[in-house]
Amino acid sequence: MASTREIRRRIQAIKNITQITRALQMVASSKMRRAQDRVLAARPYSEQLTKLLSRLSGQAEDLNELPLMRKRPVKSAAIVLVTPDGGLAGALSSNVNRRAGQLAIELRREHGADLPISFIAVGRKGRDFIVRTRQKLVAEFVKLGDQPKLSDVRAIARVITDTYLNQEADLVYLVYPKYISTVVQTPTVNQLLPVQPPAEAEESGPAPQYIFEPDATTIFAELLPRYIETLIYQPLLETLASFYSAQMVAMRNATDNATELLGDLTLTYNKARQAAITTQILEIVAGSSA
Amino acid sequence: MSQRPTLHVTIVTAQQTVFEGEAEMVIAPGSEGQLGILPRHAPLLTTLALGEMRIRQSGVDEGLFVAGGFLEVNNDIVTVLADDAERAEDIDVAHAEEARRRAEAALQQRGLSADAQSSAFGELERAVGRLKVAELHRTRVGHRRRPPRELED
């Protein structure tokens, strides 16, 4: 049995750890709430834009001929990997990374084993994963903060569209942890490019014949990049919400485990202490009767 | 009066929903010029410029600042997907003044990259636009002491 002093040291160490995990749990849970609110607040925009695009794709044939929408034979692909910057969030990042690796395997199976796949990392965990596994990293965006700015999203979108338009990738996917609930986050894969017109919503009557101002081409040329931006912005917010949720849960588990361990150790400590006292008494009794 | 058709107006930005409600008329800064939209307007899709948008509810105009984006009219539903939007009454004038000063200072610097310059210019445009909309809002609220004129049928 370990000495009482040894056990006391361990108890103190675990108390210190508990303080840290408990503090992190609180921080994560308040940030989680804000991140969740932001995800919900941003949803109407992407929903409206998606609906608008589906109404338009029904009536404008030339929409499908735009460079960002035209399908090309697949000779190369790119994967945008959206992950959090920080750790201490359980298996969240590794799940997303694994999904991305799996996607790469699927793509190679479908389009040939030597299909070149380049990666664009948004978030440090994904960047580290790509570097560690020696994949081709073409761009990285880290430290975007808790409130990603639209200008950051624009920069990311520009890199992605350039990659596509310069024929460096004929297919672009995005992998991110979708926020379902505080305890559930699922790695999700979306196709970014070529843009797939969203499925037509069921609406009564024929698609409206729009008056375009200034003209259809100009509007589509502005609409599509905006659509791609939301396809990046929304996952970014989802990732943040997922991250803080996962971190909160991970830290709560850590605190619970530490508390349990603390109980066990305290028990062992008291037993050891009592045993020591008993031995001492026995020694004294033995000494006096001698 | 209650039989009149109204427009259902939704204004959203990438961050949040800014306005949602019924209106009798919408005046918006289209990229090709000011647009007035009344109920039963033909389906329309236009890009937006930077400026003031007005929404008329029971004869009273509510002002909003919008910058860029799209406006769609379909079936008496007006949807605005704005790059930036704010209700006039929510505009923080001190904050906008500060943004204007910062943008102006940034533009004064020499050897600014083209990117930085255009972003500072965008900041400046938005700050000035915000201030203008806030100003218009203040004068309009001042006028509102008199009862609003009834719309004639």
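How many salt bridges does the rule count over all chains? The count comes to 26, where a salt bridge is a side-chain nitrogen of Lys or Arg within 4 Å of a carboxyl oxygen of Asp or Glu. This is a predicted model, in which local features need pLDDT of at least 70 and side-chain atom pairs count only at pLDDT 80 or more, while totals for chains, interfaces and linings use all residues. Residues are numbered from 1 along each chain as its sequence is written, chains are lettered from A and ligands numbered from 1 in the order in which they are written, and side-chain values use heavy atoms, with hydrogens and water left out.

Helices (H or I, at least four residues) and strands (E, at least two) are DSSP runs, numbered from the N terminus. The C-alpha trace of chain B spans about 60 × 35 × 25 Å along its principal axes. Chain B splits into domain 1 (7-89) and domain 2 (92-145), with bounds from an automatic or database domain assignment. The centres of these two domains, taken over C-alpha atoms, sit 21 Å apart. Their contact (heavy atoms within 4.5 Å) draws 15 residues from domain 1 and 10 residues from domain 2. Between them, the two domains of chain B bury about 1000 Å², with 59% of it on carbon and sulfur atoms; buried area here is the accessible area (1.4 Å probe) that two parts lose on being put together, summed over both. The rule also finds 4 salt bridges across this domain interface. B:Glu86 and B:Arg130 form a salt bridge too, their closest N and O atoms being 2.4 Å apart.

Next comes the interface of the two chains. Here 26 residues of chain B are in contact with 24 residues of chain A, and the buried area is about 2200 Å², 62% of it from carbon and sulfur atoms. On the chain B side, B:Ala14, B:Leu45 and B:Phe70 lose the most area to chain A, together 28% of what that side buries. There are 2 salt bridges across the interface of chain B and chain A. B:Glu72 pairs with A:Arg55 in a salt bridge, with 2.7 Å between the closest N and O atoms. Within chain A, a salt bridge joins the side chains of A:Arg43 and A:Glu238 (3.3 Å, N to O). Because A:Arg43 lies in helix 1 and A:Glu238 in helix 5 of chain A, that pair ties together parts 195 residues apart in sequence.

Grid points are joined across faces, edges and corners, and a volume is the space filled by probe spheres set on the points. The largest pocket holds about 1400 Å³. It is lined by 38 residues, and those closest to its centre are A:Leu150, B:Asp83, B:Asp84, B:Glu123 and B:Arg126. Elements giving two or more residues to this lining are helix 1 (4-59), helix 4 and helix 5 of chain A, along with strand 7 (60-74), strand 8, helix 1 (93-108) and helix 2 (114-143) of chain B. Helix 2 of chain B gives the most, with 11 residues. The pocket lining divides into 14 nonpolar, 10 polar and 14 charged residues; Ala, Val, Leu, Ile, Met, Phe, Trp, Tyr, Cys and Pro count as nonpolar, Asp, Glu, Lys and Arg as charged, and the others, Gly among them, as polar. Both domains of chain B give residues to this lining, so the largest pocket lies between them.

The whole structure has 1 cavity of 30 Å³ or more, with about 70 Å³ of space in the largest cavity. Among the residues lining this cavity are A:Tyr45, A:Arg226, B:Ala14 and B:Asp83. Helix 5 of chain A supplies the largest share of the cavity lining, 4 residues.

Some backbone details in chain A also stand out. Most residues other than glycine have a negative phi, and most peptide bonds are trans. The bond from A:Leu193 to A:Pro194 is cis, with omega near -10°, and A:Pro194 lies in the loop between strand 5 (185-193) and strand 6 (211-213). The bond from A:Glu213 to A:Pro214 is cis as well, with omega near 0°.

Notes:
On a 1 Å grid over the protein atoms alone, a cavity is a set of points where a 1.4 Å probe fits but cannot get out, and a pocket is an open set with protein on both sides within 12 Å along at least five of seven lines; lining residues have an atom within 4 Å of a point.
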